[in-house]
Amino acid sequence: METFLAPTVFLLTLLLVLFRPKGLGIGWSAWLGAGLSLALGLIEPGDVLYIAGLVWDATLAFVFLIVISIILDKAGFFEWFALKAIELGKGRGIYLFVSLMLLGAFISAVFANDGSALMLTPIIYSKIKYLNLPKRHILPYIMGAGFISDTASLPLVISNLTNIITAQYFGIDFWRYALYMFFPNLVSVLLSLLVLYVFYRKDLIRSYDPEVLLSSPAHYAIRDRLVFKVGFLLIALLGSTFLLLELLSLKIPVSFVLGLCAFLLALATLKNRVVNLKEVFLFAPWNIVFFSIGMYAVVYSLKRAGYTDSLTGLIHKFLSYGDLTAIMGVGITSALLSALMNNLPTVMTVNISIGEAGLDPKMAEFLALANLVGTNIGPKLTPIGSLATLLWLHVLDKKGIRIGWWYYTKVGFVLTFPVLVGTLFALWLCLRYFT
């Protein structure tokens with residue numbers, strides 16, 4: 001009976017999360033699924049406590065990171081960067097495109113993919129619209145910002161919620177993770193720039209008047225100079241803190257470090273009172289905490305019903321053909337599953353399957369990283385691949401830019417696979433030659 005009920009509850013929960021009937025929050029949807037799994041005996045109360053112990057740090061870390069991003073956004077931090085990118089374009093359309101995409105990659109790396117997609121995209125649109133261009137000339141910049149926010153979310157543990165969950169599940173340290181993923185992320189960013197340029201080259205602006213886009217110098221974008229300066233200090237503080245913790249072999253939760261940074265930034269807002277902290281904390285995605293625990297509980301019911309055993313068997317099959325096939329197989333499988341059932345359930349399911357495969361620790365780590373490549377890049381195949389994409393589409397719709405699901409999927413398939421395969425190959429090179 002479990003073999004029928006577990007996937008049924010999972011599918012029902014996924015549909016509630018993705019389509020949110022009557023505005024039902026994703027946290028409530030996931031907890032309804034978890035409650036139904038408990039009521040049907042698919043999981044036990046002890047499983048929920050075990051799951052909460054696995055994901056609380058990752059989800060709180062993500063929430064604090066978004067709080068930091070919201071505060072900096074309201075202080076003009078990201079708009080300043082966008083205006084600087086426009087200045088660097090020097091009136092050349094191709095330079096503008098490259099500088100904005102690299103800016104998206106930087107923000108995604110340091111402030112998470114959601115921060116890049118949801119905060120940078122509206123800023124880019126607000127600037128580009130002043131050129132009074134047809135929609136087809138705006139799309140390259142909008143689609144590019146959304147695309148690179150995910151494909152460039154590999155370099156650091158904090159760049160994506162999937163990264164935090166996976167690094168903690170497999171015990172991968174902050175800087176070891178960064179070392180392993182530096183080259184694959186570099187390849188991912190370069191390939192993203194290449195495929196975006198090739199696909200949209202005919203629609204890119206040839207030239208533009210920087211004064212029209214800028215309207216005022218970059219420094220006028222700064223609404224709270226103290227918060228702006230503290231933002232730069234926090235970037236340095238994050239890296240040095242994680243390095244020090246690893247040198248001292250101290251296991252302090254990531255959420256504690258990010259929580260401290262969010263607290264320091266909140267204190268900085270009190271001097272000028274430009275940023276409304278009440279609005280910031282109301283806007284913060286607290287429901288992601290409940291979503292992560294609830295969704296993981298539903299996924300765990302699949303494990304108890306034996307469904308993750310099939311994935312574990314598939315992983316062993318991939319390994320029988322060699323390391324390259326294993327990394328490619330896990331990454332592409334994760335990408336396709338992400339496109340079909342969202343990347344968070346996918347990363348959780350595949351992590352469990354890798355963990356149960358009884359592999360050599362180094363191989364388990366690299367297959368976990370291949371899973372991340374798949375679940376970070378794969379969601380670009382369809383609009384339902386990630387919650388951030390659905391929200392991104394909603395934000396654009398409010399701005400008057402409607403991107404249809406068919407168009408998004410068509411573009412997604414063309415752009416995603418070259419980047420996915422190239423990045424997985426780069427990850428295999430790291431395993432083969434750099435470890």
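Author: Isoleucine 26 lies in helix H2. Helices are DSSP runs of H or I with at least four residues, strands are runs of E with at least two, and both are numbered from the N terminus. The model is predicted: local features need a pLDDT of at least 70, side-chain atom pairs count only at pLDDT 80 or more, and totals for chains, interfaces and linings use all residues. Residues are numbered from 1 along each chain as its sequence is written, and side-chain values use heavy atoms, with hydrogens and water left out.

Isoleucine 26 counts as buried because its relative accessible area is 11%. Buried means under 20% relative accessible area, exposed over 50%, and partly exposed in between (1.4 Å probe, protein chains only). What does isoleucine 26 touch, leaving aside its neighbours within four places in sequence? Its contacts are Val17, Arg20, Asn287, Ile288, Phe291 and Leu387. Contact means heavy atoms within 4.5 Å. Take Ile288 from that list. Isoleucine 26 and isoleucine 288 are 262 residues apart along the chain, yet their C-alpha atoms are separated by 7.5 Å.

Arg20 is another of those contacts. Arginine 20 sits in the loop between helix H1 (2–19) and helix H2 (26–39). Its phi is near 45°, a positive value in a residue other than glycine. Arginine 20 counts as partly exposed because its relative accessibility is 41%.

A positive phi turns up at asparagine 342 too, at about 80°, and this residue is not a glycine. Asparagine 342 is in the loop between H15 and helix H16 (343–355). Its relative accessible area is 1%, so asparagine 342 is buried.

Now step into helix H15 (residues 323–341), where leucine 340 is found. Leucine 340 counts as exposed because its relative accessibility is 64%. Beyond its neighbours within four places in sequence, leucine 340 is in contact with Leu14 and Ile384. Leucine 340 and isoleucine 165 lie 175 residues apart along the chain, with 20 Å between their C-alpha atoms.

One more helix residue is alanine 167, in H7 (residues 161–170). Alanine 167 has 5% relative accessibility, so it counts as buried. Not counting residues up to four places away in sequence, it touches Val157 and Ile172. From alanine 167 to phenylalanine 242 is 75 residues in sequence and 14 Å in space, C-alpha to C-alpha.

Now the whole chain. It has 19 helices and zero strands. Of its 435 residues, 59% count as buried. Among contacts with a separation of 6 or more, 83% join residues 24 or more positions apart. The C-alpha trace spans about 65 × 50 × 45 Å along its principal axes. A compact globule of 435 residues would have a radius of gyration near 22 Å, and the chain agrees, with 21 Å. That radius is taken over C-alpha atoms, and the globule rule is 2.2 Å times the number of residues to the power 0.38.

How confident is the predictor? The chain averages a pLDDT of 87, and 95% of the residues score at least 70. pLDDT is the predictor's confidence in each residue, from 0 to 100. Among the elements, helix H9 (residues 210–214) has the lowest mean pLDDT, 62. Helix H17 (residues 361–377) has the highest, 96.
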